[in-house]
Amino acid sequence: MKRVALDVERSRIDLYVVWQSGSAACPMCAAADQKLHDHRQRSWRHLDFFQFEAYVHCALPRVSCSVCGRTTQLSVPWAREGSRFTLMFEALALTLARELPMAHLARILRCPDYAAWRHIDADVRSARPMDSSAGG
């Protein structure tokens, strides 16, 4: 963790994580010790910390692989690929979704309802078996 920024007026806390290595294994072919191509800034909504909305920020590296020739962004252990929420935030949202209407869930989590719907839809799709013979 590089730094934490607290904004009392906006009721927000921002956590900044820094990638410190100059190389990584290729996410596609697992070739070790590949050079980093560049970094892309990403942010994820995390669970609230008391009354503060919490966000995690990281400049994620992309690996330029000399073995497979691909340039691929690394993943992080705290979030699902492509999600803008942390895994803990998603788990809470799914738990609440079982019991609450989406508008109420979005109000509690302080996120737009369309973002909550998108996340829950992605989780439901990944949990369903990919049976092409099933109708529907």
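Reply: Let's start with H2 and H3: their axes come within 9 Å of each other and cross at roughly 105°. Helices here are DSSP runs of H or I with at least four residues, strands are E runs of at least two, and both are numbered from the N terminus. The axes are lines fitted to C-alpha atoms, for helices over the stretch in contact, with angles running from 0 to 180 degrees between N-to-C directions. H2 and H3 are therefore roughly perpendicular to each other. On this scale, angles under 35 degrees are roughly parallel, over 145 roughly antiparallel, 65 to 115 roughly perpendicular, and the rest oblique.

Before going on, a word on the source: this is a predicted model, where local features need pLDDT of at least 70 and side-chain atom pairs count only at pLDDT 80 or more, while totals for chains, interfaces and linings use all residues. Residues are numbered from 1 along each chain as its sequence is written, and side-chain values use heavy atoms, leaving out hydrogens and water.

Which residues do the touching? From H2 come Met102, Leu105 and Ala106, and they meet Asp113, Ala116, Trp117 and Ile120 in H3. Contact just means heavy atoms within 4.5 Å. Sorted by class, the residues of this contact are 6 nonpolar, no polar and 1 charged. For the classes, Ala, Val, Leu, Ile, Met, Phe, Trp, Tyr, Cys and Pro are nonpolar, Asp, Glu, Lys and Arg are charged, and the others, Gly among them, are polar.

H3 has another partner. The axes of helix H1 (residues 87-97) and H3 come within 10 Å and cross at roughly 90°. That makes H1 roughly perpendicular to H3. On the H1 side you'll find Glu90, Ala93, Leu94 and Ala97, which meet His119, Ile120 and Asp123 in H3. The contact of H1 with H3 has 4 nonpolar, 1 polar and 2 charged residues.

Now look at the loop between H2 and H3, where Arg110 sits. Most residues other than glycine have a negative phi. Arg110 has a positive phi of about 55° although it is not a glycine. With a relative accessible area of 33%, Arg110 is partly exposed. The cut-offs are under 20% for buried, over 50% for exposed, and in between for partly exposed (1.4 Å probe, protein chains only).

Arg110 also leads us to the charged side chains. Side chains of opposite charge can pair when their charged atoms come close. The side chains of Arg110 and Asp48 form a salt bridge, at 2.5 Å from N to O. A salt bridge is a side-chain nitrogen of Lys or Arg within 4 Å of a carboxyl oxygen of Asp or Glu. This pair links distant parts of the chain: Asp48 is in strand E4, and Arg110 is in that loop, 62 residues apart. Asp48 is partly exposed, at 31% relative accessibility.

Glu53 is in strand E5 and counts as buried, at 18% relative accessibility. Its side chain also makes a polar contact with the side chain of Tyr55, at 2.8 Å. A polar contact is a pair of N or O atoms within 3.5 Å; within protein, one must be able to donate a hydrogen and the other to accept it, and residues adjacent in sequence count only if both atoms are side-chain atoms. Leaving out residues up to four places away in sequence, Glu53 touches Ser11, Arg12, Ile13, Arg45, Asp48 and Arg110.

How many salt bridges are there by this rule? The count comes to 9. One of them joins Arg62 and Asp38, whose closest N and O atoms are 2.8 Å apart. That pair also links distant parts of the chain, with Arg62 in strand E5 (residues 52-64) and Asp38 in strand E4 (residues 34-49), 24 residues apart. Arg62 is buried, with a relative accessible area of 17%, whereas Asp38 is partly exposed at 23%. Asp38 forms a salt bridge with Arg40 as well, with 3.9 Å between the closest N and O atoms. Arg40 is partly exposed, at 34% relative accessible area.
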